[in-house]
Each structure stands twice: as C-alpha cells, then as structure tokens.
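Please bring up the sequence and the model on the screen. I will go through the overall picture and then a few helices.

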Amino acid sequence: MGRGKPGPVQIVLVHKEAHSFELDEKALSQVLLQESIRDMDVVVVSVAGAFRKGKSFLLDFMLRYMYTQKEGGASSWLGQEDEPLLGFSWRGGSDPETTGIQIWSEVFTVEKQDGKKVAVVLMDTQGAFDSQSTVKDCATIFALSTMTSSIQIYNLSQNIQEDDLQQLQLFTEYGRLAMDEIFLKPFQTLMFLVRDWSFPYEYPYGLEGGRNFLEKRLEVKTHQHEEIQNVRRHIHSCFTNVNCFLLPHPGLKVATSPGFDGRLKDIAAEFKEQLQQLIPIVLDPRQLLEKEINGSKVTCRGLLEYFKAYIKIYQGEDLPHPKSMLQATAEANNLAAVASAKDMYYNKMEQMCGGDKPYISPEILEEKHQQHRASALEHFQKIKKMGGKEFSQRYEAELEKEMGELFEHFAKHNKSKNIFSTFRTPAVIFSAIVALYLGSGLTGFMGLDVAAQLCNCVVGLLLIALLAWGYIRYSGQYRDLGVVIDTTADFVLEQATSRMGNTTRAAVADASGARAPPDKKTQ
C-alpha cells in the first residue's frame, strides 16, 4: 500500500470458482506494520451480515466521523447536505458489491480518556448468503471477522429473526467449544444493528429501545424447544457484551433511486438523527474496546499473526473442527510473544554493538548476550499465552534458537570491527616471511645452500600470497582464493600458538617436578 490517498485494502481474497480464500499478507502487513502504530493495542470495528443490507454504506459514515475527529472534532461530523458519501465502495441494487474482507488503509490513532493511544481499524466484509456463496464461504468470512474484531456489528434488516440467530450459532459454536479449553469468552462485543425498524411504537429507535427488544428476543423460556434455548445461551456464553441498536429506514429515495450517492439531503431526517447517536456509541474514545484474546490485549503486529494463523485453518475443503481454531489461536498467540521477545533482545543488542558502535570485547559481548537472552525469555514467559505450558515450550525453544542465530550475527559484525583481526592474515604471512628470510641467511652462512634456496622460494610464494590477499580485499574478486589464504593463515597461527602453549606447560611441569620433595619410602 503506498502513501497516497487512503482507500479500502483487500486483505482476504475470494476465489469464487474454488470457493476458497487467500490472505494478502503483503497488503495486510503494509497497513498493520506501519512504524507509528505496529506496537499499539488495536481496536477492530467490523460490520458483517447478509448482502445488500448497507454495511459499506454504514462504514463510510464511520469514516466520516473518524476523519472529523482527527481534524479537531467538529460538532456536525455528518458533513454537508450536498456532499457525496465516499470511502468503502457501495452502490444501490440487488447484486453484492464487497467480496472477501477489506480494511481501510489508514489506521486511526485515538487517545482514550486515560491518555493511552490505541489504533482503530475499520473492517468491511462480504455479504453473507448471496447466490454464489456456500455455507462454508459465509461461515468463513463471518468467523474470520468475528475472531479478529473487538466490536462485531451484526447488520440485520427489519427484525431479529430466528434464522438470524441460528446462522449466528454456527460461529458461536466455535467459541463455545473453545471455552472448554481457555475458560474465557472468545469474542468481545456483539451489536445487533436492526435496520429499517418498523415498530418504534413498541420499542423506540436507538440503544435503549434496542436493549429492551434484544432482552425479549434472547430470553430463554422453559417452554421453548431445547435447540432455541441453546442458540440464546451460545450467544451470551461466547460474547463478553451483547447489545442492540434500532435504526429507522433511511428513506424511499435511498432505497429506490439508482442515482443515489449518499448525499444527506436525500436521507430521511429521522435516520440522520439516529445515525448521530449510533456512530459515537461505537467509536467515541470513551467507548473504544481494545482487541483481546484470552485476556491479553492484541497489538497491530499481533493481529497480523492471528490473521495468518486463522486463514490457514480455513484453506482446507471443510470447515475446521473448533479445536483446530483453538490451536491456531494458541499458535498465533505464541508467535506474537516470540516476535515481541525477539524484538526486545535485538534492540538491546543493537544498542550495544550494532551499526557503528565501537568494538567490544568478546567476553563482555557473551556476558551481555546471556543477560539480554534471559530478559527476553522472562518477557516471553510473562506474556499470557494460550495452549498451556507444554505447547509454549517449543516456541520458547524456537525463540532461543533465533536469539542464538542473532548472537552469531552480532558476534561476526563485532569481530569485523577489530582492526587486529582484520590484519591477522597479512601479519602471519609477514612473520613467516621474516622468519624464512632469517632462516635463509643462517642456512646460507652455514653452507646449506639447498635449504637457503628453498627458504627463498617459500619467501617468494608468501610475497605473492600477500600481494594476492591485498588485491582480493581491494577489488572483491577471487573471494574463494581469499578464503583459502585466510584459512591457511588461521591454521598456521593456531598451530604455532598451541605448540607454544604446550612447550610452556611442559616447562612448567618440569620445573615443578624438579622442586618436588623426595619420597619418604626412598629415603
């Protein structure tokens, strides 16, 4: 995603003929991994429901509200009466417009009442139950949006029918079974948004009327069939908060005019009045709810990992077993913890020996590595993770492995800064040349001409090797030959130092033996 004009970004692609889905990881990364927001806790507002019910239309008013707040929060955020509605693509008619899942390319930064800044993502989803989508397709889109959102708006028309609740049960079933493992409600806020509400004389428009209406619709009665009771129990057991908002009809021109482009002058006054109540209820800083999974808040970086994990389990032929959803959630949760701990280790090591920092002693580097490694592991262990201790152990082992690889990289980079290490090869060659030159002179003086000539030949070869090494370092060519020269010099130096060490130890041992007291038995 470029830095041009904001717009919708397709993050879940639909392959209609194969009835399969694909995550556009690159597009999602470019939105969620922006440096300014990637480590902020994220609020995801999603709108889902049947197709051609005005989901994108509603989201565009949310965009208008967010941009107004960003520019200073004018009292009339609805805009001008003659201003077309822009944002997520929408149009009138009977055919679906949105496919897959889209998010807005600009992630909004909002400061809450306590001063904490959160990132707000707006998500649009493909309409469910159109003529081209299977039950699996609809379930996948709805489940993905519900699992990744902190506020799921279930967009319905005219009423909450029993079949609406039964369709919702398909998704809440995943949460109900996952609860047996995690003991927490898997989803957060569910808002039933009933459009075109026709009975304001029974339950008035707005949130209060919606609450009363929802309480009656979700009431569990003893004479109800067990299946009907289970649907209602599932909804309450899988969502932390469930509410409802009743919205009037937007007007005849909105519904019937093919040229309608969202201008306020064409929308019924009653609808605009309720819209001014609805949008702040969802997006006001005091109402924003960060995305949580298993009690832990999710950052933008973490949300990317959850998307990657969830999409994998939906790329098969059949709907996944609810347990696999739990496993995917635990996997993404642990991967996010690994990424956070790895970043912590990398940043601390980078501050100490990365970039243009001066050379540091290998012993001190090793000590700091162990210190920062322990801190990163402690950070990983403190993060709340799903799947249990045994499940997390392999991710902890992977974290240790990756930190070990990073340390090797830092150690090599640090070693390259040591000027004595850089000139070790020419120093060894020069020392050998001097030694052989002296040896040539000595053997020549003693009359050993053959040995002297042999020393001179080796000196000539070493001079060629020294010149070749200098040319290779300067030009960057014949690198393989350079490696051979460096390796040979290292071997010679290692042998020389080891022999000197052995000689020294032998001399010390001889001296100690000479000073040893005589054996009493020999006396």
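Helices (H or I, at least four residues) and strands (E, at least two) are DSSP runs, numbered from the N terminus. Just after helix 2, G72 takes a positive phi of about 130°.

This is a predicted model, where local features need pLDDT of at least 70, side-chain atom pairs count only at pLDDT 80 or more, and totals for chains, interfaces and linings use all residues. Residues are numbered from 1 along each chain as its sequence is written, and side-chain values use heavy atoms, with hydrogens and water left out.

The chain has 16 helices and 11 strands. Of its 523 residues, 44% are buried, meaning under 20% relative accessible area with a 1.4 Å probe, protein chains only.

Back to helix 2, residues 55-70: from first C-alpha to last, its 16 residues reach 23 Å, close to the 22 Å expected at 1.5 Å a residue. That expected span is 1.5 Å times one less than the number of residues. Helix 2 is mostly covered, with 13 of its 16 residues buried.

Now helix 11 (residues 362-382) and helix 12 (residues 388-415). They pack at about 155°, with axes 11 Å apart. Axes here are lines fitted to C-alpha atoms over the stretch in contact, and angles run from 0 to 180 degrees between N-to-C directions. The two helices are therefore roughly antiparallel, the term for angles over 145 degrees.

Which residues meet? Among them are L365, H369 and F380 in helix 11, and Y395, M403 and F410 in helix 12, contact being heavy atoms within 4.5 Å.

Methods: Angles under 35 degrees count as roughly parallel, over 145 as roughly antiparallel, 65 to 115 as roughly perpendicular and the rest as oblique. Buried means under 20% relative accessible area, exposed over 50%, partly exposed in between (1.4 Å probe, protein chains only).
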